Each structure stands twice: as C-alpha cells, then as structure tokens.
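Biologist: Could you show me how to read the salt bridges in a model, and how to set them against the overall fold?

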Amino acid sequence: MSPHHLHATAAAWSIHTARQHLAELATAEARQRGDTLTAAAPILRSPIHGTIHPIGGHADPVATLTANRPPPHTQTWAQRTRRLDGRLTWLADTYRAPSRRDPLERILTALPALTPSPRALGLLALHLADEDELARGWLNHPPYRQRIPGECPSCRRRSLEAATVGPAATRTVMCVADCRHTPDCRCPGGAEGVRHIWPIGAVTGRAP
C-alpha cells in the first residue's frame, strides 16, 4: 500500500481504540448520571427550589445570580462520541465507503481498495489524523505508539515508533522526527512530501 494508505490506516485504528475508551466513559457516565438523578429526586421536589427565585427581590444576590447566570454547559462523553461519529460519517460518505452502520468500519473496510488520486488519499489521511488527535485529546492520551530500536534511513535519527493498536497485519512503523520523503531519498516506496512510514513487517530491528 502507498504511504497515504498506511497513514490513513494507522490513524483509523488509533481512532478505533480511542472510540472504545470514549464508549466506556460514556457508559459509566450514563450510569452515574442516572444514579445522581435518582438520588437527587427528593431534593428537586423540595419547595425551596420552587420559591428561592420568586421570593428574591432586586437586592437579593441569590435571585440575581439565579436570573442572570446561565446554567453551565458540560459536554458529556456521549456528546463527544456523537460528534466524532458525525465527522467520521461525513468522511465515509465523501469517499463513498461501503454502506454499513458504523462509519469507522466503513472507512476501514474501504481503505485497502481505495484508489483515488494521491492527493485525495493524502487528504483522507490528514482528516483521519485530525479526528485521531481530537479523540485522543479528549482522553488526554498520547499517540498509541512505542519507540523501537533502529534509525531512520533518511534522517539517520533513532526516531522510529511502531503502532501498538490495530490488527498486527495493519500496524506500521514511522519516523516521528517529521522526516519526509524527497525525490533523492533512499527510502523505498515513499511519496514526496509525506512522512516516512512502513509496514511493520518490513522492520526487523532497523529501518527497512
């Protein structure tokens, strides 16, 4: 596969892992919110909550704060998940991925056989990288990669990292020193201007 395919696939599986964490948090949050609402029901029926604002005058700071301060908006984990899924659905529709219920599954299924222009594939990889960064940012997770021995054959830095998520056959190794392919680069299979990335099977203790 081309470097664009590899970058897109790596980002998609990273999103897959982040989505699993988001789903777990959303489930736990829904359970907690349900328990909280149940526990708070008697308080909500208290006459204090129904009368504190009507009995307050213009000089009453409680009444003023109640009237002027909007309730804080807290974005739930479920809302974040729906937002991410909406963006992934747009991507899947844009690239005419096969019709399936889950947008990320649509993208992952379509990726190996996608043959649009290199520019279109590059944009897909960039979009997926953005969604991956968004999802991991919500979770405060670093990239799902680990440093491995060896040096990049282009920049000669010991900056190779291997993906730690996704099926073994789809995992990749990349140079994280922002090393990009050039016309005279000695790295095979690269695309000009694209960060170096290789299938993990091509790496055995050193860069391919």
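This is a predicted model: local features need pLDDT of at least 70, side-chain atom pairs count only at pLDDT 80 or more; totals for chains, interfaces and linings use all residues.

Biologist: How many helices and strands are in the protein chain, and in what order do the elements run?

Modeller: The protein chain has six helices and four strands. Reading from the N terminus, the order is α-α-α-α-α-α-β-β-β-β.

Biologist: What share of the contacts in the protein chain is between residues 24 or more positions apart?

Modeller: Counting contacts with a separation of 6 or more, 55% are between residues 24 or more positions apart.

Biologist: And how much of the protein chain is buried?

Modeller: Of the 208 residues in the protein chain, 36% are buried. The accessible surface of the chain is about 12,700 Å², and carbon and sulfur atoms account for 56% of that surface.

Biologist: Now the charges. How many salt bridges does a search of the whole structure find?

Modeller: The search finds 10 salt bridges. The test is a distance: a side-chain nitrogen of Lys or Arg has to lie within 4 Å of a carboxyl oxygen of Asp or Glu.

Biologist: Let me try one. What is the N to O distance between Glu-105 and Arg-100?

Modeller: The distance is 3.2 Å, so this pair counts as a salt bridge, given the 4 Å cut-off.

Biologist: Which residue forms a salt bridge with Glu-151?

Modeller: Arg-156 is the partner, and the closest N and O atoms of the pair are 3.3 Å apart. Glu-151 has a relative accessibility of 28% and counts as partly exposed. For Arg-156 the value is 44%, which also makes Arg-156 partly exposed.

Biologist: I would like one more pair. How far apart are N and O in the salt bridge of Asp-178 and Arg-180?

Modeller: The side chains of Asp-178 and Arg-180 meet at 2.9 Å, N to O. Asp-178 is partly exposed at 47% relative accessible area, and Arg-180 is partly exposed at 40%.

Conventions
Residues are numbered from 1 along each chain as its sequence is written. Side-chain values use heavy atoms; hydrogens and water are left out. Buried means under 20% relative accessible area, exposed over 50%, partly exposed in between (1.4 Å probe, protein chains only). Helices (H or I, at least four residues) and strands (E, at least two) are DSSP runs, numbered from the N terminus. Contact means heavy atoms within 4.5 Å. Accessible areas come from the Shrake-Rupley method with a 1.4 Å probe; for residues, only the protein chains shown count as cover.
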